Amino acid sequence: MTKVSNENLINTLPKGLKPAAKFVRIQDQASGLSTTRFIQDVSTCLIPKAIFSRSLADLTENTFLETSEETLIYIVPAILGEKISRKIFSKGLNNDLKKEVATKGVDLIEKGGKNNKQVLPVKAAIALAAMAIPLAEFSLNYIKNLMTLKLFNKSDFKNIASLENNQEDRKHQEKVKNSAKKHIGLASCLYAGCLGLAALLAARGKNSKSLQKISEFIVAPGNKLFKKSKKAKEFVNKYFCMDFESTKKGKLCLSKGQLTTCVLVGGAGYFGASADRGKENLKETATRFPLVALYVITGSEFVERGFKKLLQKMGKCKDLIGKNLEVPEFDKLENLAKELAEKKNTNVKDEYKSLVKQKVLIKGLPYIFAIGVMGFFVAGMTVFSTKKRYENAQKRKNNGTKI
């Protein structure tokens, strides 16, 4: 199979199907989580929030947060991990060991070998350096508060969300400003500690049993915490490990564990920064964050898996969905189309068109569902519930009832 022939087959598709096919192909070709999830999260989070924005300040905040967050989470890891940290911390390794740095830490531990004493501390150091991303995510919410103060002279969420239009309290503004500076400073200090431990691991890790154990915990926490439970071990290693994933070319890229860490650490910043601006902001964050956090961590994969199970039970997409719900990558559809055409004595283009339709259905509907439900529904529901809570509180206040 050549790239040209595959491109030619795509060009034989109907006009309505071709753009969807190319989008799904880009998703399959993307390295790690970065490209596809960047597009997915921007379209799911920013666009609906922009549409439901309640003021210029609200729109500015959402635009700043979403674009900076998505860039930080999906673009920066590959640069920080591959281009910076890997080069710095693996300087003491020979060329063969430098290649092993791209191997998942849990795989190195389970495989064993004398090289682990040198490689694992380096991997742990690189992972610790990547803590810049969740800590920066934590700080972004406080930076947003400072930005809104500077640009719009607003710190009261009721004014930002157009619930009220009152004179700002100078003492409250000062409180929000000081809290933001304090928490940004705290995040900076924590990262300095991470860098210090990273430098120690990279320099002394191979000669210290204690540092070896710390390294193993960082790159494979599930192995240390749940030695007897395979499911628990795999779950923790997948969702709570700061170790990088690697592309097919051996380049470091964003992992699911890093993504979860960003959501959890960033969530602390969300709640803290929103509490500073008033209980209305805190309640809105509490309404939205659990749903958004679950979506960011899992993407549409839960929906997609359930959808594939449903299609399998209905006897649909038989040529594409395997017994274990596996689906071939887009660029493998050409060879599959040729095999099916030869087996059924049919036309390759027709088989290819059918396979592409199935692939777009499997990937597309869960994606659209996620945008519709997690995007527009959550954004609209959040704005409506905040306004409704405020109106009900005002009615109780006016009636002399304790809020």
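Is F240 buried, partly exposed or exposed? With a relative accessibility of 42%, F240 counts as partly exposed; buried means under 20% relative accessible area, exposed over 50%, and partly exposed in between, with a 1.4 Å probe and protein chains only. The model is a predicted one, in which local features need pLDDT of at least 70 and side-chain atom pairs count only at pLDDT 80 or more, while totals for chains, interfaces and linings use all residues. Residues are numbered from 1 along each chain as its sequence is written, and side-chain values use heavy atoms, with hydrogens and water left out.

**Aromatic pairs**

- Five aromatic pairs are found in the whole structure; rings of Phe, Tyr and Trp (its six-membered ring) pair if their centres lie within 6.5 Å, and planes under 30 degrees apart count as stacked, over 60 as edge-to-face and the rest as tilted.
- The pair of F235 and F240 is tilted, because the ring centres are 6.1 Å apart and the planes stand at 55°.
- F235 is partly exposed, at 47% relative accessibility.
- Y270 and F289 make a tilted pair, with 5.9 Å from centre to centre and 50° between the planes.
- This pair links distant parts of the chain, as Y270 belongs to helix α15 (residues 256-276) and F289 to helix α16 (residues 279-298), 19 residues apart; helices are DSSP runs of H or I with at least four residues, strands are runs of E with at least two, and both are numbered from the N terminus.
- Y270 is buried at 13% relative accessibility, and F289 is buried at 17%.
- One aromatic cluster is formed by F235, Y239 and F240.

**Salt bridges**

- The structure contains 15 salt bridges, each being a side-chain nitrogen of Lys or Arg within 4 Å of a carboxyl oxygen of Asp or Glu.
- R86 and E82 form a salt bridge whose closest N and O atoms are 3.0 Å apart.
- R86 and E82 are separated by about one helical turn, because they are four residues apart in helix α5 (residues 76-89).
- Both R86 and E82 are buried.
- E245 and K104 also meet in a salt bridge, at 3.7 Å from N to O.
- E245 lies in strand β1 (residues 245-246) and K104 in the loop between α6 (95-100) and α7 (105-111), so the pair ties together parts 141 residues apart in sequence.
- E245 is partly exposed at 35% relative accessible area, whereas K104 is buried at 16%.
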